[in-house]
Amino acid sequence: MQIAERIRNLGTETAFAVSGEARAFAEAGNAVYPFHLGDIDMRTPDNIIHAAHQAMLAGKTGYAPNAGIPELREALAADVNRARGSSYTAANVAVQPGGKPVIGKFIQALMNPGDEALFPNPGYPIYESQIEYFGGKAVPYAYIPGENNFRLDFDALERAVSPKTRLLIFNDLQNPTGAESSREELEAVARFAVKHDLKVLCDEAYFDIRYGGDSVSLSSFPGMEESCVILYTFSKKFAMTGWRLGAAIGPVDVIDVIARINLNDESCSNHFIQIAAVEALKGDQSGPRKILEVLRERRDLGVDILNSIPGVSCYRPNATFYLYPDVTELMKAKGLEDYEAFRKDVLYKTGVSFCTRLHFGRALPGEDRNYIRLAYSGIDADLIRKGLGLLKEYAQA
Ligand code: PLP
């Protein structure tokens, strides 16, 4: 088959390839310690499963409205308003089969070919892929080491903007670094977006995955509610990655366009899953609280062990379920300069599987430290202890 030319610009999420390798290694009879994928090994809370089951038995198995069922759109608007101080209504919500589809639909709705779009690097790889696929120019800005955590390189953001820049993709509570902007920094980003008349995708996939204090949304700063689209997902907070449900939340004119794209792409999101999502938002919240408690314990365990490994240093992020340790000295000590060589050496010698900087965009000029990303959402405390213990032995060998 002659594949269409546009596909040349379509990227991928290379973390899934790491999964394939880890699986093959496990199938060959080896113990694997899975730190590579942001999936969750905990079951969706029972009240949500029960609500889906009941809805199926009640016949909610047909098509649903293309922007989502009214009860869920209303419940999402209310939930987002409560946490962000916004004033959205159901009309501001377009339900999606996952958070991920919001990225491409936001770009399709607001970017013309040739426009520039700012995206975080290191960052979630789908941004760059979708910007380029839809004919834009993807322009990176950086997250860099700070005092207690990674931080947005605001100077780099200001340098990256041009008269052609139309979009800003912003992922506070960031994958892969776990970075979180201060209120002052969010204020500065909002002013920057207003000054340059940028439309902003607020990817808030990890808004509720935090271990103290409250998340603050960029959408809550002056001028932002009018120009932001929030990416909301049920995947992380409710351990619903495989159910595929999320939403785009933003100004009605953009949401109407996104709903029209829904109609062309998947028609609608699954009806009984939307009913279960209403239960997730309005029902018993002990499930997501328990998920967070487990994640916090894993984070502390992971950070403590990583910081005891020679040649490794790691911040303790207050949000997300990722750790992004600096492994520069360990790679040097092992005589390995190449990320893939290091990743494979560790996988095949210890079974510890992770992603590296390379899975989150091309390294930027001047970047001279080496990082790997460990997700602790899909591996229990026992395996964290064993796996990172083996990594420590590898480092000491
Ligand atoms: N945005 C970020 C930053 C993510 O890390 C992810 C998933 O890992 C998503 C969006 C999309 O998640 P989902 O499609 O499961 O909602």
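Helices (H or I, at least four residues) and strands (E, at least two) are DSSP runs, numbered from the N terminus. I note this because the entries below place residues by such elements.

**Entry 1. Basis**

I worked from a predicted model, in which local features need pLDDT of at least 70, side-chain atom pairs count only at pLDDT 80 or more, and totals for chains, interfaces and linings use all residues. Residues are numbered from 1 along each chain as its sequence is written, and side-chain values use heavy atoms, with hydrogens and water left out.

**Entry 2. Cis peptide bonds**

I looked up Pro122 and found it in the loop between strand E3 (116-120) and helix H5 (126-133). I then turned to Pro176, in the loop between strand E7 (165-170) and helix H7 (183-195). The bond from Asn175 to Pro176 is cis as well, with omega near 15°.

**Entry 3. Positive phi and exposure**

I checked backbone angles next. Asp197 is not a glycine, yet has a positive phi of about 50°; this residue sits in the loop between H7 and E8. Asp197, at 48% relative accessibility, counts as partly exposed. Arg244, also not a glycine, has a positive phi of about 65° and lies in the loop between E9 and strand E10 (246-249). At 35% relative accessibility, Arg244 counts as partly exposed.

I also examined Asp214, in the loop between strand E8 (199-203) and strand E9 (228-233). Is Asp214 buried or exposed? Its relative accessibility is 69%, so Asp214 counts as exposed. From Asp214 to Arg357 I noted 143 residues in sequence and 28 Å in space, C-alpha to C-alpha.

**Entry 4. Domains**

The chain is divided into domain 1 (5-43 + 287-396) and domain 2 (61-282); the bounds come from an automatic or database domain assignment. The C-alpha centres of the two domains lie 25 Å apart. Their contact (heavy atoms within 4.5 Å) takes 36 residues from domain 1 and 39 residues from domain 2.

**Entry 5. Nonpolar cores**

I took a nonpolar core to be a set of buried Ala, Val, Leu, Ile, Met, Phe, Trp, Tyr and Cys residues joined through side-chain atoms within 4.5 Å. The largest has 67 residues, and Phe35, Leu306, Phe321 and Phe342 have the most contacts inside it. Helix H10 (residues 286-307) gives the largest share of this core, seven residues.

I listed the neighbours of Phe321, not counting residues up to four places away in sequence: Gly38, Ile40, Tyr206, Ile209, Tyr211, Lys236, Leu295, Leu374, Ala375, Tyr376 and Ser377. Another core lies apart from the largest one; it has 58 residues, among them Val139, Leu168, Val200 and Ala247.

**Entry 6. The largest pocket**

Grid points are joined across faces, edges and corners, and a volume is the space filled by probe spheres set on the points.

The largest pocket has a volume of about 500 Å³. Its lining has 26 residues, of which Glu13, Gly38, Lys100, Tyr124 and Lys236 lie nearest the centre. Helix H1 (15-27), helix H4 (100-110) and E9 are the elements that give two or more residues to this lining. Domain 1 and domain 2 both give residues to the lining, so the largest pocket lies between them.

**Entry 7. Cavities**

How many cavities of 30 Å³ or more are there? I recorded three. The largest holds about 70 Å³ of space, and its lining includes Phe170, Asp172, Cys202, Glu204 and Phe207.

Terms used
Buried < 20%, exposed > 50% of the residue type's maximum accessible area, 1.4 Å probe, protein only. 1 Å grid on protein atoms, 1.4 Å probe; cavity = no way out; pocket = protein on both sides within 12 Å on 5 of 7 lines; lining within 4 Å.
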